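Work through the exercises below with the model open. Try each task before reading its solution.

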Amino acid sequence: MVSPIVRMEKEEMGPPWLGPMLKADYFIPCGLHLDSNKSECNMFCLDCMGNAFCSYCSIHHKHHSVLQIRRSSYHNVVRVNEIQKYIDISSIQTYVINSAKIVFLNERPQPRPGKGVTYTCEICARGLPDSFRFCSLGCKLNGMKRGGGDTELTFSLKMKHNREMYHGSDSDESSTPRKIQRSRLFNRFADGLTLSSVERLSGSSSSGDETGNSTISPATPPPFNHANSSRRKGIPHRAPF
């Protein structure tokens, strides 16, 4: 029986399919569909955890969780909106290619850092455009295996969710964008004005009916002038030339 501590460590290191997915051979011709078009092996099944397969073989993984691997500059990538359903990809540099946000699967070391580079990957020292720690899924995995007592790194969505709930980030408005905060504050202010106005009106009328001592008395109407009521407007006279 696996202890809870060991199980937690395995969950933080990522699911069992992560390693095989990073090591699989992609974009090679499928041995079963050599005569078919688009028979490149660019699919990976998270349930079977085998080698990559082509789109024609996906019929055998109909009810499985399958990821499509894409290629950018001769490197394997996966879309963020697909991979983030299964693992936490925080601390990894993302890129936008063909209007889609992607992450690289494995490291891409550079022989020398570029000019003006501020951020670099902690594993392969590749220059990064933003303040992320890793350039790929593989580099984050290697960073977690390196250890060093970094408890913030995890691939587990469950661990990330529990950590956010513990720190209160889900309910804290400090993590909400400013436009949404302003909208919430305005709605609360408007609701407060409406509620207070209704309470004043309902409170004044109900107190007068129940106690007979209304705090707000109706205003006295002005005296009626009978002379003004009987006077009719005269015929207008034109000014002399």
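**Exercise 1. The whole chain**

How many helices and how many strands are there in the protein chain?

*Solution.* Note first that this is a predicted model. Step one: count the elements. The protein chain has 7 helices and 8 strands. Step two: look at burial. The chain holds 241 residues, and 27% of them are buried. Step four: check the contacts. Take those between residues at least 6 apart in sequence; 43% of them join residues at least 24 apart.

**Exercise 2. An open sheet**

Find the open sheet of 4 strands and give its strand order.

*Solution.* Step one: read the order across the sheet. It is 3-4-6-5, and the pairing is antiparallel. Step three: follow the twist. From one strand to the next, it averages 55 degrees. Step four: inspect one pair. Strand 5 and strand 6 (residues 100–104) run antiparallel and are joined by 3 bridges. For Ile 97, the bridge partner in strand 6 is Ala 100.

**Exercise 3. Asn 76**

Locate Asn 76 and decide: is Asn 76 buried or exposed?

*Solution.* Asn 76 sits in strand 4 (residues 75–79). Step two: apply the cut-off. Asn 76 has a relative accessible area of 17%. Buried means under 20%, so Asn 76 counts as buried. Step three: find a polar partner. The side chains of Asn 76 and Arg 71 make a polar contact at 3.3 Å. Step four: list neighbours beyond four places in sequence. Asn 76 touches several residues, including Tyr 26, Phe 27, Ile 69 and Phe 104.

**Exercise 4. Ser 39**

Which backbone oxygen lies 3.2 Å from a polar side-chain atom of Ser 39?

*Solution.* Ser 39 lies in the loop between helix 2 (18–23) and strand 1 (43–45). The relative accessible area of Ser 39 is 10%. That value is under 20%, so Ser 39 is buried. Step three: name the oxygen. The backbone oxygen belongs to His 33. Leaving out residues up to four places away in sequence, Ser 39 touches Ile 28, Pro 29, Cys 30, His 33, Leu 34, Cys 54 and Tyr 56.

Terms used. Residues numbered from 1 in each chain as written. Predicted model: local features only at pLDDT ≥ 70, side-chain atom pairs only at ≥ 80, totals over all residues. Heavy atoms only, no water. Helix = DSSP H or I, 4+ residues; strand = E, 2+ residues; numbered from the N terminus. Buried < 20%, exposed > 50% of the residue type's maximum accessible area, 1.4 Å probe, protein only. Polar contact = N/O pair within 3.5 Å; in protein donor to acceptor, adjacent residues only side chain to side chain. Contact = heavy atoms within 4.5 Å. Pairing = 2+ DSSP bridges. Axes fitted to C-alpha atoms, helices over the stretch in contact; angles between N-to-C directions.
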